[in-house]
Amino acid sequence: MASEHVQCTEALRYSFDTAVDMIKASSNIIVLTGAGTSTSLGIPDFRSPGGLYEQLQDEDIGVDDPYDLFRLETFQENPLRFYTLVAQKLLTPLSADGTPRFTPTHAFIKLLQDKGKLLTNYTQNIDGLES
């Protein structure tokens with residue numbers, strides 16, 4: 001079943017059980033993750049209302065525009081600004097016992113990896129939770 005190519009319009013006819021069967025039959029799954037993967041843990045995305053860029057607008061971060069913190073020239077000028085931001089806003093949140101917290105999506109990606117089904121995970125996240 002996993003080797004069959006399904007047209008997008010036909011995919012709507014498949015059930016959750018079909019998706020489970022396809023995952024079970026697959027061995028080279030590619031996962032794409034983005035900022036929403038970690039927001040439920042309190043890690044902000046960048047562009048949404050209330051996101052990182054908005055949060056940084058009124059803070060003294062050493063640049064006029066928060067976008068500039070992620071420019072190569074700004075990093076080369078003063079890497080400490082970037083690392084300080086990451087430490088304050090983007091590090092993996094910890095549970096009370098000091099272990100990292102993960103979302104169900106992270107657990108699913110880990111399960112795919114543990115079962116030998118994950119080919120790769122392409123992510124735009126810098127929180128390190130998908131690694």
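Biologist: What are the ground rules here?

Modeller: The model is predicted, so local features need pLDDT of at least 70 and side-chain atom pairs count only at pLDDT 80 or more, while totals for chains, interfaces and linings use all residues. Residues are numbered from 1 along each chain as its sequence is written, and side-chain values use heavy atoms, with hydrogens and water left out.

Biologist: Which residues make up the largest nonpolar core?

Modeller: Twelve residues: L41, I43, L52, L56, I61, V63, L69, F82, L85, V86, L90 and L129. A nonpolar core here is a set of buried Ala, Val, Leu, Ile, Met, Phe, Trp, Tyr and Cys residues joined through side-chain atoms within 4.5 Å. Buried means under 20% relative accessible area, exposed over 50%, and partly exposed in between (1.4 Å probe, protein chains only).

Biologist: Which helix gives the most to this core?

Modeller: α5, with four residues. Both α3 (52-56) and α5 (79-90) supply at least two. Helices (H or I, at least four residues) and strands (E, at least two) are DSSP runs, numbered from the N terminus.

Biologist: And S38, buried or exposed?

Modeller: S38 is buried, because its relative accessibility is 1%. It sits in the loop between β1 and α3. Beyond neighbours within four places in sequence, S38 is in contact (heavy atoms within 4.5 Å) with I43, H106, N125, D127, L129 and E130.

Biologist: Switching topic, how many salt bridges does the structure hold?

Modeller: Four, where a salt bridge is a side-chain nitrogen of Lys or Arg within 4 Å of a carboxyl oxygen of Asp or Glu. One of them joins R71 and E73, at 3.3 Å from N to O. Another pairs K110 with D114, with the closest N and O atoms 2.7 Å apart.

Biologist: Where do K110 and D114 lie?

Modeller: Both are in helix α6 (residues 104-114), four residues apart, about one turn of the helix.

Biologist: What about R81?

Modeller: R81 bridges to E77, with 2.9 Å between the closest N and O atoms. R81 counts as buried because its relative accessibility is 15%, whereas E77 counts as exposed because its value is 62%. R81 is also in contact with V63.

Biologist: Which residues make the nonpolar surface patch?

Modeller: I30, L32, L119 and Y122, over about 460 Å². β1 (29-33) and β2 (118-123) each supply at least two of the patch residues. Patch residues have over 30% relative accessible area and no salt bridge; like charges are joined within 9 Å and nonpolar side chains (Val, Leu, Ile, Met, Phe, Trp, Tyr) within 5 Å. Areas come from the Shrake-Rupley method with a 1.4 Å probe, and for residues only the protein chains shown count as cover.
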